[in-house]
Amino acid sequence: MSKKTIRKYDGPAGGWGALKSVATHLLEQDIPLRGARTLLKANQPDGFDCPGCAWPDRDHTSTFEFCENGAKAVAAESTRHRAGPELFAQYTVSQLAGYSDYWLEDQGRLTTPMRYDAASDRYLPVGWDQAFALIAAHLNGLASPDEAIFYTSGRTSNEAAFLYQLFVREFGTNNFPDCSNMCHEPSGVALKHQIGVGKGTVSLHDFELADAIFIFGQNPGTNHPRMLGELREASRRGARIVSFNPLRERGLERFADPKDTLQMLHYGSTPISSDYCQLRIGGDLAAVKGMIKHVLERDAEALLEGRASLLDRAFIAEHTTGFDAFAASVAAESWDVIVAESGLSEAQLRHAGDIYLGADKVICCWGMGITQHKHSVATIQMIVNLLLLRGHLGRPGAGACPVRGHSNVQGDRTMMIYEKPPQDFLDRLQAVFGFEPPREDGYDTIGAIEAMRDGRARTFFAMGGNFATATPDTDATHRALRNCDLTVHVTTKLNRSHLVHGRDALILPCLGRTEIDVQEAGPQAVTVEDSMSMVHLSAGINPPASDALLSEPAIVARLAEATLGGRSRIPWRWLVCDYDRIRDLVAQVFDDFQDFNARVRVPGGFRLSNTARDRVWVNPAGRAVFCAHAVPTDNPIHRARARNPDRPVFNLSTLRSHDQYNTTIYGLNDRYRGVFGERRVLFIHADDIAALGMRAGDRVDLESLAEDGVRRMARRFMLVAYDIPRGCLSAYYPETNALVPLSSFADEARTPTSKSIPVVVLPHRPDPEADAPAQRDIPATVVN
Ligand SMILES: Nc1nc2c(c(=O)[nH]1)N[C@H]1C(S)=C(S)[C@@H](COP(=O)(O)OP(=O)(O)OC[C@H]3O[C@@H](n4cnc5c(=O)[nH]c(N)nc54)[C@H](O)[C@@H]3O)O[C@H]1N2
Ligand SMILES: Nc1nc2c(c(=O)[nH]1)N[C@H]1C(S)=C(S)[C@@H](COP(=O)(O)OP(=O)(O)OC[C@H]3O[C@@H](n4cnc5c(=O)[nH]c(N)nc54)[C@H](O)[C@@H]3O)O[C@H]1N2
Ligand SMILES: [Mo]
């Protein structure tokens with residue numbers, strides 16, 4: 001455990017620090033040798049897909065791409081530590097709940113199915129058959145299938161996801177909240193309306209050709225380290241890389257590739273961003289609209305002077321709709337509003353607009369800094385408007401690139417882990433399987449929490465993830481989960497969701513992706529889809545963490561059998577003997593997966609079709625749509641400031657540290673941001689600290705200014721003076737999730753607004769009850 005220190009980090013992203021960090025993490029998991037061998041099989045044709053992020057890898061073949069955080073994800077799964085029945089015998093559930101998220105996962109891999117025993121407040125071992133029988137009894141006892149909720153996190157393979165949705169729909173509900181609801185849902189909603197497909201349009205090859213890459217609200221040095229390899233090459237060949245981020249993220253500034261021996265020996269590094277726009281939180285729509293305003297003004301000048309238009313007029317005429325109304329709305333937006341809301345100067349935005357105009361091929365990337373706001377759908381559409389102006393869709397080297405999170409979150413959606421399934425898909429299910437699927441939309445993540453809270457849902461089943469901790473409004477979510485008759489978690493490691501449970505509760509341990517999955521026909525591979533629509537195989541290489549583990553597909557099949565019995569005509573057990581059989585069914589349901597088994601065995605896999613990439617527009621408009629959106633000036637943050645004229649109201653953005661994978665905390669350091677041994681930090685401008693009459697290092701409490709009258713607090717954060725715009729704050733997720741009201745979500749997409757929470761900063765007042773949980777493993781050390 002490291003000492004608590006805050007010190008500026010001057011090195012590049014990657015470099016020796018990354019190698020050292022990997023070595024440390026392997027040692028911490030007691031796996032120096034096996035772990036290293038396992039790492040070499042990540043993203044190899046005969047290996048497993050890295051359980052880290054969804055960034056694609058070059059052709060998914062041959063070269064080993066070093067990735068520090070991928071290595072940590074692999075090490076975390078291949079750990080030698082075990083959380084077996086002895087652990088649960090030693091601690092009651094209430095005692096376990098007193099430990100931090102870090103400590104819980106650090107206990108290691110779960111080995112045995114466990115059932116909650118209320119009399120002793122302990123989890124006790126249970127047989128698989130009894131576990132499935134218990135779930136079946138609960139499900140079959142519900143007044144309606146719609147009282148059951150089935151969550152999915154994005155590591156679940158295509159095969160498991162396909163069987164899971166099939167079982168749940170045959171059981172009779174579309175209640176499929178998933179992590180995507182909290183993540184890239186707005187990208188799907190925005191793009192589907194605007195260009196007809198809810199996915200990105202670029203491939204890795206396009207990154208080799210682009211002249212300008214704009215990166216909005218993403219921290220690839222930590223969350224998609226392999227993306228830095230592409231950016232480094234782009235930067236070296238002179239492409240302009242423009243980053244929009246309230247924080248100066250090291251990975252967007254400089255990168256040393258650990259694979260580059262020469263660079264490593266000379267402690268060299270490559271600059272990444274040519275331009276860095278440190279905008280205000282939530283200011284992206286204004287910033288992009290400013291760039292567009294500049295582009296349209298320059299175009300008007302060109303036309304006036306008798307020069308050729310700077311826009312791709314042919315593309316606009318042939319492929320788009322709504323241009324005139326859109327151009328009028330841009331002209332009507334004042335620079336004053338654009339500058340005030342973006343926090344960038346007119347000159348900065350005009351400069352960024354000139355970079356756009358100077359490039360023949362443009363890619364726009366975005367991440368959670370864009371999607372987790374009230375106006376996220378509109379912001380994404382503004383980014384796509386920018387691309388449309390010069391026809392940067394459907395041609396090489398250009399396009400839209402939402403950078404997904406979980407390694408198979410995109411594939412899970414393709415397999416229809418979706419609470420709003422289209423009717424033609426349901427028709428197909430009915431035709432292939434002969435049952436009448438439910439036709440009503442189901443609950444998304446927020447809807448599921450509300451339903452459990454209000455007693456409209458009684459059982460909660462999670463295929464992976466950490467629902468209790470990843471969701472907003474922690475108190476409300478915990479109450480909702482405790483209100484259930486049954487909570488079930490299919491999982492690899494212990495986490496808080498298992499301790500915030502219903503009256504009955506089960507923990508079902510499953511194989512991880514790094515492990516060999518043997519079924520009747522022999523060792524099995526699964527498939528996943530990356531952020532750029534490439535589908536490929538993944539096969540584990542390690543022996544399972546315990547003999548008792550089942551694979552996710554096997555768990556679904558046995559649950560389906562136990563629940564549906566003779567009611568189902570689907571041969572569940574037969575299907576999981578050989579996953580080729582599952583893939584054959586996938587091919588029958590989705591046209592894009594024709595010849596699935598053959599095509600996925602070609603090294604590197606295959607790319608799913610993308611109509612927008614071919615300039616075919618399958619949205620209702622039949623064309624790409626220019627979407628006019630005013631710069632928002634009446635969001636919750638504006639209203640909170642208006643209601644509180646006499647005290648400073650800040651906009652808080654919650655983000656990931658370098659040593660975490662979502663709710664899985666690997667360690668307490670955030671190397672590139674200079675934070676060591678502590679997670680309860682609040683990044684704030686030095687002048688804001690002074691204006692509060694406080695000092696760096698002081699402890700503060702945060703109170704969110706919600707509009708529903710509920711008081712939400714997060715306590716004991718340490719002030720860290722940081723290069724961040726005034727009025728903006730950043731702190732880590734999930735420590736801050738309690739501050740996000742359930743009722744605060746993205747328009748149209750209902751993604752919680754985790755990147756813009758209006759808060760006030762108060763001196764810390766110790767509160768024994770609120771401060772107690774989850775601090776026990778952190779030793780008290782010096783702060784300097
Ligand atoms: N190692 C590691 N890898 C991961 C994950 C992990 O936790 N750890 N999580 C995975 C998942 S599920 C996901 S979704 C992705 C997440 O990857 P990212 O999208 O990079 O997620 P975050 O760390 O939440 O923050 C994104 C960035 O947005 C910036 N930001 C905050 N607010 C704004 C804003 O209003 N505007 C702009 N322009 N920027 C803003 C923050 O400063 C930060 O740099 O990573 C995936 N990969
Ligand atoms: N405030 C705030 N909240 C956020 C975000 C934010 O930026 N700010 N980000 C949101 C985003 S983008 C996302 S995607 C969600 C993430 O939400 P989730 O996907 O629900 O959370 P994770 O932390 O990724 O889940 C980790 C758990 O997954 C289990 N697990 C790991 N591997 C496997 C496996 O192979 N199989 C199974 N069955 N289980 C496995 C382990 O038990 C581990 O504890 O959180 C969201 N919440
Ligand atoms: Mo995510």
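Analyst: The chain is divided into domain 1 (10-78), domain 2 (82-182 + 408-607), domain 3 (185-403) and domain 4 (636-783), with bounds that come from an automatic or database domain assignment. This is a predicted model, in which local features need pLDDT of at least 70 and side-chain atom pairs count only at pLDDT 80 or more, while totals for chains, interfaces and linings use all residues. Residues are numbered from 1 along each chain as its sequence is written, chains are lettered from A and ligands numbered from 1 in the order in which they are written, and side-chain values use heavy atoms, with hydrogens and water left out.

The part to look at is the boundary of domain 2 with domain 3, whose C-alpha centres lie 36 Å apart. Across this boundary, 13 residues of domain 2 are in contact with twelve residues of domain 3, contact meaning heavy atoms within 4.5 Å. The two domains bury about 850 Å² between them, and carbon and sulfur atoms give 40% of that area; buried area is the accessible area (1.4 Å probe) that two parts lose on being put together, summed over both. On the side of domain 2, Met182, Ser531 and Met532 supply 49% of the area buried against domain 3, more than any other three residues.

Charged pairs also join the two domains, with a count of two salt bridges between them, a salt bridge being a side-chain nitrogen of Lys or Arg within 4 Å of a carboxyl oxygen of Asp or Glu. The structure holds 52 salt bridges. One of these links Glu185 with Arg413, with the closest N and O atoms 2.9 Å apart. Because Glu185 lies in helix α9 (residues 185-195) and Arg413 in helix α22 (residues 409-414), this pair ties together parts that are 228 residues apart in sequence; helices here (H or I, at least four residues) and strands (E, at least two) are DSSP runs, numbered from the N terminus. Another salt bridge is formed by Glu529 and Lys199, where the closest N and O atoms are 2.8 Å apart.

The peptide bond from Tyr733 to Pro734 is cis, with omega near 5°, and Pro734 lies in the loop between β32 (728-732) and β33 (757-763). Asp473, although not a glycine, has a positive phi of about 50°, and Asp473 is placed in the loop between α25 (467-470) and α26 (474-482).
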